[in-house]
Amino acid sequence: MTREKPQKLTGPARQAALATLSGWSEVNGRDAIARTFVFGDFNAAFGFMTKVALAAEKLDHHPEWSNVYKTVQVTLSTHEAGGLTERDIALAQAMERFAG
């Protein structure tokens with residue numbers, strides 16, 4: 001089964017997609033978005049990352065992220081498209097749901 005190559009979001013479609021997100025910012029010098037999630041403790045942060053990992057596998061789209069204690073920093077971009085795509089928006093929306 002061959003997957004269709006994702007297309008970069010541009011123009012009004014990009015702006016509309018970004019408007020559905022809360023707390024994300026565009027990354028300077030890169031076609032990507034980023035957000036920092038802060039939780040009550042390490043267990044909550046790790047639980048969030050576990051939920052995201054399962055969703056990322058289903059989407060076949062994986063974040064760039066790091067975790068230090070209760071903080072998870074995330075950057076999303078679709079490497080094969082060279083920038084932001086619907087896959088990034090879908091994963092960002094899932095992260096927002098999981099973070100509560």
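Mentor: From the N terminus on, the elements of the protein chain run α-β-β-α-β-β-α, which comes to three helices and four strands; helices (H or I, at least four residues) and strands (E, at least two) are DSSP runs, numbered from the N terminus. This is a predicted model, in which local features need pLDDT of at least 70 and side-chain atom pairs count only at pLDDT 80 or more, while totals for chains, interfaces and linings use all residues. Residues are numbered from 1 along each chain as its sequence is written, and side-chain values use heavy atoms, with hydrogens and water left out.

Now to the aromatic rings. A pair of aromatic rings is described by the distance of the centres and the angle of the planes. Rings of Phe, Tyr and Trp (its six-membered ring) pair if their centres lie within 6.5 Å, and planes under 30 degrees apart count as stacked, over 60 as edge-to-face and the rest as tilted. By this rule there are five aromatic pairs. In one of them, Phe37 and Phe39, the ring centres are 6.4 Å apart and the planes stand at 15°, so the pair is stacked. Phe37 is buried at 3% relative accessibility, and Phe39 is buried as well, at 12%, where buried means under 20% relative accessible area, exposed over 50%, and partly exposed in between (1.4 Å probe, protein chains only). For Phe42 and Phe46 the centres are 5.8 Å apart and the planes at 35°, so this pair is tilted. Phe42 and Phe46 both lie in helix α2 (residues 42-59), four residues apart, about one turn of the helix. An α-helix has 3.6 residues a turn, so residues three or four places apart point the same way. Phe42 counts as partly exposed at 35% relative accessibility, and Phe46 counts as partly exposed at 46%. Phe37 and Phe39 also belong to one aromatic cluster with Trp24 and Phe48.

Several of these names return in the core. A nonpolar core is a set of buried Ala, Val, Leu, Ile, Met, Phe, Trp, Tyr and Cys residues joined through side-chain atoms within 4.5 Å. The largest one has 21 residues, and those with the most contacts inside it are Trp24, Ile33, Phe37, Phe48, Val72, Leu76 and Met95. At least two residues of this core come from each of α1 (11-19), β2 (33-38), α2, β4 and α3 (86-99), and the largest share, five residues, comes from α2. Leaving aside neighbours within four places in sequence, Leu76 is in contact (heavy atoms within 4.5 Å) with Trp24, Ala32, Ile33, Pro63, Leu84, Asp88, Leu91, Ala92 and Met95.

Strand β4 (residues 71-76) is joined by five bridges to strand β3 (residues 64-68), and the two run antiparallel; two strands pair if DSSP finds at least two bridges between them. Val68 has Thr71 of β4 as its bridge partner, and β3 and β4 form a hairpin with two residues between them, where Tyr69 in the turn has a positive phi of about 50°.

For the chain as a whole, 39% of the 100 residues count as buried. Among contacts between residues at least 6 apart in sequence, 63% join residues at least 24 apart.
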